[in-house]
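Colleague: I would like to learn how to read the features of a model like this one. Can we start with its open spaces?

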Amino acid sequence: MAKEKTLDDLFHDTLKDIYYAERKILKALPKMQRAAQSEDLKAAFEKHRDETEGQIERLQQVFELIGKAARGKTCDAIEGIIAEGEEIMDEFKGTAALDAGLISAAQAVEHYEMTRYGTLKRWATELGMKDAAKLLDATLQEEMKTDGDLTKLADASANERAKASKAA
């Protein structure tokens, strides 16, 4: 008979999922940075790459807190989101719409991360893991800020440029 799965098991499984995702994102960000046309968007991707390195370190601390090895598990969701971002880079390369597309792809990543970190923080709290919850919340706050910053970039210039190119 299979062992009964618990919230602890689910927490660990989801932690492995986001650990894999963060490492995959870390590899994708330089490619997105190179593809971006505006200097502001390039800088945003660079900043998020640096933040992602810190987020991976926080995840490693959470693994340590629960006495498990920091090991990822293939995350099909992030694989798909990153593949969509790569499609945008290919299909919109050299067009005025590229940056708007890159922002939308980056926000898809951010929203995925926010759902994972929000859930993990809740579960850590439920399981009495106060230190883990603090680490996860720090990352959740960064992801929410990055999402907001991307929205500002889209509203300030990228969407207008993409729209204006049609009118030209």
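Modeller: Start with the term. A pocket is an open set of grid points with protein on both sides within 12 Å along at least five of seven lines. One caution: this is a predicted model.

Colleague: What is the volume of the largest pocket here?

Modeller: The largest pocket has a volume of about 370 Å³. It is lined by 26 residues. Leu29, Met32, Phe45, His48 and Ala106 are the closest to its centre.

Colleague: Which helices supply the lining of that pocket?

Modeller: At least two residues come from each of α1, α2, α3, α4 and α5. The largest share is from α1, with 7 residues.

Colleague: How does the lining of the largest pocket divide by class?

Modeller: Count 14 nonpolar, 3 polar and 9 charged residues.

Colleague: Now step back. How many helices and strands are in the chain?

Modeller: The chain has 5 helices and 0 strands. Read from the N terminus, the order is α-α-α-α-α. The C-alpha trace spans about 65 × 30 × 20 Å along its principal axes.

Colleague: How do I read a helix pair? Take α1 and α4. At what angle do their axes cross?

Modeller: Look at the angle between the N-to-C directions. Helix α1 covers residues 7-35 and helix α4 covers residues 98-126. Their axes come within 10 Å and cross at roughly 160°. Angles over 145 degrees count as roughly antiparallel, so α1 is roughly antiparallel to α4.

Colleague: Is the crossing of α1 and α4 left-handed or right-handed?

Modeller: α1 passes α4 in a left-handed crossing. The residues of this contact divide into 19 nonpolar, 1 polar and 5 charged.

Colleague: Which residues line the largest cavity?

Modeller: The lining is Ser38, Asp40, Leu41, Asp99, Ile103, Leu153, Ser157, Ala158 and Arg161. Two or more of these come from each of α2 (39-65), α4 and α5 (130-167). α5 gives the largest share, 4 residues. By class, the lining of this cavity has 4 nonpolar, 2 polar and 3 charged residues.

Colleague: Last topic: charge pairs. What should I look for?

Modeller: Side chains of opposite charge can pair when their charged atoms come close. A search of the whole structure gives 13 salt bridges. In one of them, the side chains of Glu79 and Lys24 meet at 3.5 Å, N to O.

Colleague: Where do Glu79 and Lys24 sit in the chain?

Modeller: Glu79 is in helix α3 (residues 76-91), and Lys24 is in helix α1. The two are 55 residues apart, and the pair links distant parts of the chain.

Terms used. Residues are numbered from 1 along each chain as its sequence is written. This is a predicted model: local features need pLDDT of at least 70, side-chain atom pairs count only at pLDDT 80 or more; totals for chains, interfaces and linings use all residues. Side-chain values use heavy atoms; hydrogens and water are left out. Axes are lines fitted to C-alpha atoms, for helices over the stretch in contact, and angles run from 0 to 180 degrees between N-to-C directions. Angles under 35 degrees count as roughly parallel, over 145 as roughly antiparallel, 65 to 115 as roughly perpendicular and the rest as oblique. A crossing is left-handed if the near helix is turned anticlockwise from the far one by less than a right angle, and right-handed if clockwise. Ala, Val, Leu, Ile, Met, Phe, Trp, Tyr, Cys and Pro count as nonpolar, Asp, Glu, Lys and Arg as charged, and the others, Gly among them, as polar. On a 1 Å grid over the protein atoms alone, a cavity is a set of points where a 1.4 Å probe fits but cannot get out, and a pocket is an open set with protein on both sides within 12 Å along at least five of seven lines; lining residues have an atom within 4 Å of a point. A salt bridge is a side-chain nitrogen of Lys or Arg within 4 Å of a carboxyl oxygen of Asp or Glu. Grid points are joined across faces, edges and corners, and a volume is the space filled by probe spheres set on the points.
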